[in-house]
Amino acid sequence: MKPKIKTGRLLLLFLFAFLSLVWLIPLALTVSISMKETQEYMKSSLLAPPSNIRFLIPNATVAWNLSDLGSSFLNSLIYAPVSSSLAVILASLAAYSLTKLKVRGKICLFFLIYSGTVFPFQIYLIPLFVMYTRFNIYDTRLGMLLFYTAICIPFCLFVLHNYFTTIPDTIIEAATLDGASSLRLYFSIIFPMSIAPMLALMLLQFTWVWNDLLFGLILTKSVNTRPVMVSLMQLSGEAYSIGSIPQRLAAALIVSVPSFTLFFLLRRYFMTGFRMLSVGK
Amino acid sequence: MVLIKRRSSGNRKIGKLVTSVSPYLYIIPSVLLVSIFLLYPVVFTIYISFTKWNIISAPAFVGLSQYVGLFRESALLNSFRNTLIWTGATLLIPIPLSLLLAVGMYRVAGREVFKVAFFLPRVMAPAAIAVIWKFIYSAPRGILNEVLGLFGAKFLMHSWLLEPPLNTFAMIGTATWASIGWMMVMFLIGLDTIPSEVLEAGKLDGASERQLLWHVKLPLLKPMTSVVVVMGVIASFTMFDLIWVMTGGGPFRSSETLAVTIYRGGFVLFKMGYSAAIAVVLSAIVLVFSMIYLRRIFRHSL
């Protein structure tokens, strides 16, 4: 009997290959145009390929200096990794304590922290602004780090709490009987076992912090503290436009480099982290 | 060899104190950070929503009249209407489409590669996506208009981001491009949870692909569908970055949504009470959906 290399399947394959390419067109065009010199951009069709891809470098260089994109890129390079790792670690300590140690009011404490995921961001804006100005942490790197860490904790706690409940208590009991302190227990047993979910969470939160615009707008105003998306907005947002189109598109690409890099290098962990968003199982 | 540390009785008391207190030490940093930066603000916003305040002078208490006033303002009603359009569009367009894509893609060879192509926008910043699509929609010279020109459809050319309500729909198009990827991945995860025995049993009973889809796969995807719906709806209510960068809510506030109005009210106009009240209303709506999400999750694990 003839094997069913279903033509249907083949058609689907071509369909999805085609759709995927269509989906990538906006990005492809962005890359293409960011490689065009301004004159070439003005004169040739937008859809035409660049004549020399090397123009990406001057475009990117100009973009880096426009609107202090470079400085804010470095700011975000501090905010994203620091706050996401700190949040994951703090959340794991809290989750460890809530699941494995003797604590009164576990459920209350858990929901207290978890409720940080329930409200839309808009409800935080005004109070944070007022608080930050009043306590002189407005427009400071410390202020940004504190906020970004705080907002990453609730979801991380939720996931790790879930995860730790799957670690058998017998391991804990055995170690305690051997005289391990709770801290040693954490470092020798819990922490090594949770590298995968912690890494996945870190990636997810890194991306969130890196991509943030709203809180960067609210809580900073100067170049030394501004996160990268705020600068990008100033390059190309409504009511601002600096630089030529190829340069602005180059800026959009520059700004996406860290996320893309992490995604392509650690895709598996990324997907695991994303999977955690759909928890219900 | 197991070594049991011997403690002298004085140290034993301290040891016991440490053991009983240290669990709380692990939690305190998280509790502190979340309480100060996330929980206290909620209370403060609610308080401010009952006042008129411009930051400079002291807040003036006006009570519920602030909320009543909201319903009278036409710009705000327009903003609310736009928000509903966003939410409705999210429900009608990307969610069904991504479901369809996921079902179609499930058994296709090279699935992982296609997944990446669709999922990529999820990794990008909304602000960066906005910059790119702003250029696509730019008029008179932009990618969309140029493509239309190529196909001889010059009459279809528009100032996509400048003509209401076209500008809202254009942005919804961008958001669709950005969200179909992650929604599709979610549905793929959901499809993974369908036991193959169920599908095989169906096939043995002689069910066609379409019958399998309609009677088996879709019903079993209901949990994931509700997750995607809740996430999508909440995202549509709170979407700020994309709109702010693409149109700033304009021109003339025509494409504002509640999220944009909240920001603009507080940080451009410095009408703190006004902004806070809208934020409270928005939060109440979003909370309804969050609760649905929460109930689903905690029904299983508590």
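Predicted model: local features only at pLDDT ≥ 70, side-chain atom pairs only at ≥ 80, totals over all residues.
Local features were required to have pLDDT of at least 70 and side-chain atom pairs pLDDT 80 or more, whereas totals for chains, interfaces and linings use all residues. Residues are numbered from 1 along each chain as its sequence is written, with chains lettered from A and ligands numbered from 1 in the order in which they are written.

Chain A is divided into domain 1 (7–55) and domain 2 (63–276), the bounds being taken from an automatic or database domain assignment. The C-alpha centres of these two domains of chain A lie 33 Å apart, and their contact takes 7 residues from domain 1 and 7 residues from domain 2, two residues being in contact if their C-beta atoms, placed from the backbone, lie within 7 Å. On the domain 1 side, two or more residues are given by each of α1 and α2 (38–43) of chain A, where helices (H or I, at least four residues) and strands (E, at least two) are DSSP runs numbered from the N terminus. The most on this side, 4 residues, comes from α1(A).

Neighbours within four places in sequence aside, A:Leu232 is in contact with residues of both chains, including A:Leu69, A:Val255, B:Ala127 and B:Val131.

Between the chains, 78 residues of chain A are in contact with 82 residues of chain B. Helix α1 (residues 7–34) of chain A provides the largest share of the chain A side, 10 residues. By class, this side has 53 nonpolar, 19 polar and 6 charged residues, where Ala, Val, Leu, Ile, Met, Phe, Trp, Tyr, Cys and Pro count as nonpolar, Asp, Glu, Lys and Arg as charged, and the others, Gly among them, as polar.

In chain B, helix α5 (residues 111–123) bends by about 35 degrees at B:Ala117, with B:Pro121 following within four residues; the bend is the angle between axes fitted to the seven residues ending there and the seven starting there. The buried residues of α5(B) include B:Phe114, B:Lys115 and B:Pro121, and the elements that cover its buried residues include α1 and α10 (195–211) of chain A together with α4 (94–105) and α6 (126–136) of chain B.

Most residues other than glycine have a negative phi, and most peptide bonds are trans. A cis peptide bond joins B:Ala139 and B:Pro140, with omega about -5 degrees, and another joins B:Pro164 and B:Pro165, with omega about -10 degrees. Positive phi values occur at B:Ile55, near 75 degrees, and at B:Phe252, near 55 degrees. B:Ile55 is partly exposed, with 14 other C-beta atoms within 10 Å, while B:Phe252 is exposed, with 9.

How values were computed. Buried ≥ 20, exposed ≤ 12 C-beta atoms within 10 Å, placed from the backbone.
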